[in-house]
Amino acid sequence: MSLQQLSANKVFGGQHLRYQHQSSVLNCSMQFAVYLPPQADLGKPLPVLYWLSGLTCTDENFMQKAGALKAAAELGLIIVAPDTSPRGEGVADDPEGAWDFGLGAGFYINATQEPWAQHYRMYDYVVNELPALVEKHLPVSDKRSISGHSMGGHGALIAALREPQRYQSVSAFAPICQPTQCPWGEKAFSNYLGTQRESWMEWDASALMAQATQHLPMLIDQGEADNFLVEQLKPAALQDAAERAGYPLTLRMQPGYDHSYYFIASFIDEHLRFHARALCSA
């Protein structure tokens, strides 16, 4: 697999880079963004944080809006931000052009139903193919953590809960915690996975949490003024599962904060330091 560099911007002494490559998992061309802190110039491999964005986003939203790069430069932390779904000619989309399904809404699962199964295997992409590509071409170590927002928070949680050996820590902002029981998740899962709800449970963070035997440091921030809190996000379900499983979850309810990047920007430095502690102590 080869990388084509699309752009480069110097920021806080490091480089914000955008790449394009052909994905064999998704059967299409994909783009992703990387922040290389200034320490990358010293030649020593650095730990990496994978960031998964939410519905309608691309690789660009987090890098431009989250205000994460200054702290990443100080901590010597590489950030990799993939797109949120496959894209391009021939990639299926919602026939009605809905914003919460299809393009921009891959949900970080592996679709089994047509026409989605040909391209929509975002779990395999972000957990396996993209890290292998990054580790081949960029100065990263084998120490990884994962984080995300909303749909991307769901993706981060299921990746860490399904394959905890791959990560040192996991965090999320306003994640979809119980997708099998919310409108966004039910719509996506019924199309991508079919109508047999039993098959959905392997992609539900609360269900996975209840069965977890290997534990990672986990930090979740949730705004109390989030319009999606009650109907879509359901953090209480994840907290209940964590208590049953004895999982060391830190869930912080933040008064007055909503679902936006203003919320993410307010706490992103704390999340980066949280991950840096886990990555550097590994």
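1. Let me start with the buried side of helix α9. In this predicted model, the buried residues of α9 are Tyr261, Phe263, Ile264, Phe267, Ile268, His271, Leu272, Phe274, His275, Ala276, Ala278 and Leu279. When you look at how they are spaced, keep in mind that an α-helix has 3.6 residues a turn, so residues three or four places apart point the same way.

2. At the start of α9, a side-chain oxygen of Ser260 comes to within 3.2 Å of the backbone nitrogen of Tyr262.

3. Next, the nonpolar core. The largest one holds 96 residues, and the members touching the most others are Ile79, Phe107 and Tyr192. Helix α3 (residues 122–137) is the element that gives the most to this core, with 8 residues.

4. Leaving out residues up to four places away in sequence, Ile79 touches Ala33, Val34, Tyr35, Leu49, Trp51, Phe62, Met63, Ala68, Leu69, Ala72 and Leu272.

5. How do the strands around β6 pair? Strand β4 (residues 46–52) is joined to β6 by 6 bridges, and the two run parallel; Leu52 has Gly148 of β6 as its bridge partner. On β6 (residues 140–149) there are also 4 bridges to β7, again in a parallel arrangement, with His149 partnered by Phe173 of β7. Since 8 of the 10 residues of β6 are buried, the strand is largely enclosed by the rest of the structure.

6. In β7 (residues 170–173), Val170 and Ala172 point one way, while Ser171 and Phe173 point the other way. Which of these four are buried or exposed? All are buried.

7. Ser141 is a polar residue to check within β6. Why does Ser141 count as buried? Its relative accessibility is 15%, and the cut-off is under 20%. The side chain of Ser141 reaches the backbone nitrogen of Lys143 at 3.2 Å. Apart from neighbours within four places in sequence, Ser141 is in contact with Pro45, Leu46, Pro47 and Glu135.

8. Helix α4 (residues 151–162) spans 16 Å from its first C-alpha to its last over 12 residues, close to the 16 Å expected. Because 11 of those 12 residues are buried, α4 is largely enclosed by the rest of the structure. The buried set includes Gly152, Gly153 and Gly155, as well as His154.

9. Finally, please look at Asn110, in the loop between β5 (78–82) and α3. Asn110 is buried, with a relative accessible area of 9%. What does its side chain meet in a polar contact? The partner is the side chain of Asp124, at 3.1 Å. Neighbours within four places in sequence aside, the contacts of Asn110 are Tyr120, Arg121, Met122, Tyr123, Asp124, Leu193 and Trp203.

Terms used. Residues numbered from 1 in each chain as written. Predicted model: local features only at pLDDT ≥ 70, side-chain atom pairs only at ≥ 80, totals over all residues. Heavy atoms only, no water. Buried < 20%, exposed > 50% of the residue type's maximum accessible area, 1.4 Å probe, protein only. Polar contact = N/O pair within 3.5 Å; in protein donor to acceptor, adjacent residues only side chain to side chain. Core = buried A, V, L, I, M, F, W, Y, C linked by side-chain atoms within 4.5 Å. Contact = heavy atoms within 4.5 Å. Pairing = 2+ DSSP bridges. Expected span 1.5 Å × (residues − 1).
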